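Colleague: I am new to this structure, and I would like to learn how to read a sheet and a ligand site in it. Could we go through them one at a time?

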Amino acid sequence: MRPDFHIVIVGGGMVGACAAALAAADPRLSELRIAVLEANPPTSPPQGDADLRVSAVSRASQRILTAVGAWPLVPSQFLSPYEDMVVWDAAGKPGSAGAIHFSASATSEPNLGHIVENRRLLWALYDCPPFRQRITLLRAELAGMTLERDRAVVSLGDGRVLSAALVVGSDGAASLSRKLAGIETAGWDYDQRAFVTHVRTEHSHARTAWQRFLADGPIAFLPLADGRSSIVWTTRPEHAEHLAKCPPEEASREIEQALDGVLGKVEVAAPRGHFPLRLTHARQYCKDRFALVGDAAHSIHPLAGQGVNLGFLDCAALVQVLAQELESGGNVEALAELRVLRRYERWRKSENLIALGLVDALNRLFSTPNGTLSWIRRNGLGAVDGSALAKRFFMGRAMGTAGELPRVATPDSRPLV
Ligand SMILES: Cc1cc2nc3c(=O)[nH]c(=O)nc-3n(C[C@H](O)[C@H](O)[C@H](O)COP(=O)(O)OP(=O)(O)OC[C@H]3O[C@@H](n4cnc5c(N)ncnc54)[C@H](O)[C@@H]3O)c2cc1C
């Protein structure tokens with residue numbers, strides 16, 4: 001029986017919208033009918049002051065977003081390139097032996113990445129030509145899903161029922177589609193929350209991402225194009241709540257001290273918020289007729305700014321696997337077979353495991369006051385800073401240029417539209 005859609009993407013956040021745009025832009029998938037099911041899709045371009053939710057977007061993600069025509073749609077005044085990154089332990093100082101300094105000037109790249117508001121990236125993905133021209137947007141909640149031998153049946157909160165050859169679950173860390181597919185997760189809650197705001201600083205951020213590791217978690221200052229810095233401070237839950245509620249002058253003072261005064265006086269210059277943190281990894285990324293991408297498959301501590309970047313790479317890998325199957329003579333019905341989807345799973349699960357493991361280990365190593373570990377940390381940072389090889393490894397992971405990249409994320413990537 002002919003399904004209503006070949007692919008239904010459940011969850012149109014940044015990752016689901018990217019999967020849709022990539023599938024719509026790939027000429028090998030041009031015959032497919034694709035829908036995005038999203039409870040709260042954006043309806044107009046974002047307005048007003050910079051939103052609190054921002055992401056450090058890697059070079060690999062930039063290439064993917066450029067290929068679908070979304071990157072040029074983010075107004076340049078909202079793209080904040082950062083050219084340097086300085087990371088140090090609370091017991092040390094930037095520029096001292098116990099710090100690492102990554103610099104774009106040591107590479108052939110113009111910068112290490114960009115800080116971009118999530119809602120601007122999201123709007124650019126919904127507004128890019130392949131999404132606008134080829135995607136059916138279903139504004140509704142997922143209510144139920146069954147994976148049958150010859151199709152998936154998806155029921156929506158408003159009573160509609162659809163059939164699909166393949167469902168892609170991109171409905172975030174608490175994914176309902178993952179649960180309905182019967183996929184379990186491993187993971188744990190961090191006893192930390194991420195406090196976020198934007199601040200003005202006495203000294204220029206100098207297009208540098210600054211990160212200092214404190215005993216309760218790291219504080220990051222991410223440079224914004226308007227001269228402010230976006231703060232992501234991972235700390236004890238009760239401290240994050242205090243920072244969000246206390247008088248702004250008090251929060252400003254605490255933030256200034258947490259960065260050891262490196263950027264001089266600090267003034268909170270935006271609303272304040274905080275988010276719970278959890279590590280989650282799906283035990284499987286696919287079943288017959290179902291695949292997971294983005295936070296629905298894995299959620300990661302934000303200290304290395306990897307979450308959405310890993311999600312974009314998932315989308316690019318999945319679309320590449322599907323397109324290659326069609327190119328090599330497979331038929332559309334075969335796309336959702338486990339044999340095909342497993343290629344995607346093998347590829348991305350191993351890459352994501354490396355990132356999840358590295359970031360979790362860094363958080364554990366740095367979030368402990370133990371004196372021996374503090375010595376190891378300072379000397380470890382110094383050793384990495386002094387080793388060109390180790391630095392290249394960490395920079396490659398941070399910029400998303402290491403590991404097995406989907407074609408669209410490589411330097412040879414060509415616009416698909
Ligand atoms: C403080 C903080 C800082 C971060 N900084 C960075 C960073 O610098 N760089 C980086 O790469 N990552 C960062 N991340 C991680 C990044 O924000 C996430 O990885 C990313 O937002 C995940 O995107 P997603 O589309 O997979 O999921 P989500 O953003 O959760 O989107 C899921 C979508 O599914 C929809 N949905 C859910 N359930 C249903 C349903 N039943 N029916 C219909 N629709 C549904 C939701 O409405 C939503 O639109 C950070 C995270 C935090 C908390």
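**Reading a sheet and a ligand shell**

Modeller: Let us begin with one pair of residues, keeping in mind that this is a predicted model: proline 81 has histidine 114, in E7, as its bridge partner.

Colleague: In which sense do E4 and E7 pair, and over how many bridges?

Modeller: In general, the strands of a sheet pair through backbone hydrogen bonds, and they may do so in a parallel or an antiparallel way. Here E4 and strand E7 (residues 113-117) pair in the antiparallel sense, over three bridges.

Colleague: What is the order of the strands in the open sheet?

Modeller: The three strands follow the order E3-E7-E4, with antiparallel pairing. E3 and strand E4 (80-82) stand at the edges, and because each has a single partner strand, one side of each is left without a neighbour in the sheet. From one strand to the next, the twist averages 25°.

Colleague: Which helix packs on the sheet, and which strands does it touch?

Modeller: That is helix H3 (residues 118-127), which touches E3 and E7, and whose direction makes about 90° with that of E7.

Colleague: Turning to the ligand, which of the 31 residues around it come nearest?

Modeller: Those are Gly11, Gly13, Gly172, Gly294 and Gly307. Among the elements that give two or more residues to the shell are helix H1 (14-25), strand E3 (54-57) and helix H8 (307-327), and H8 supplies the largest share, four residues.

Colleague: How many residues of this shell are nonpolar, polar and charged?

Modeller: The shell divides into 13 nonpolar, 14 polar and four charged residues.

Conventions: Residues numbered from 1 in each chain as written. Predicted model: local features only at pLDDT ≥ 70, side-chain atom pairs only at ≥ 80, totals over all residues. Near = placed C-beta within 6 Å. Nonpolar A, V, L, I, M, F, W, Y, C, P; charged D, E, K, R; others polar. Pairing = 2+ DSSP bridges. Axes fitted to C-alpha atoms, helices over the stretch in contact; angles between N-to-C directions. Contact = placed C-beta atoms within 7 Å.
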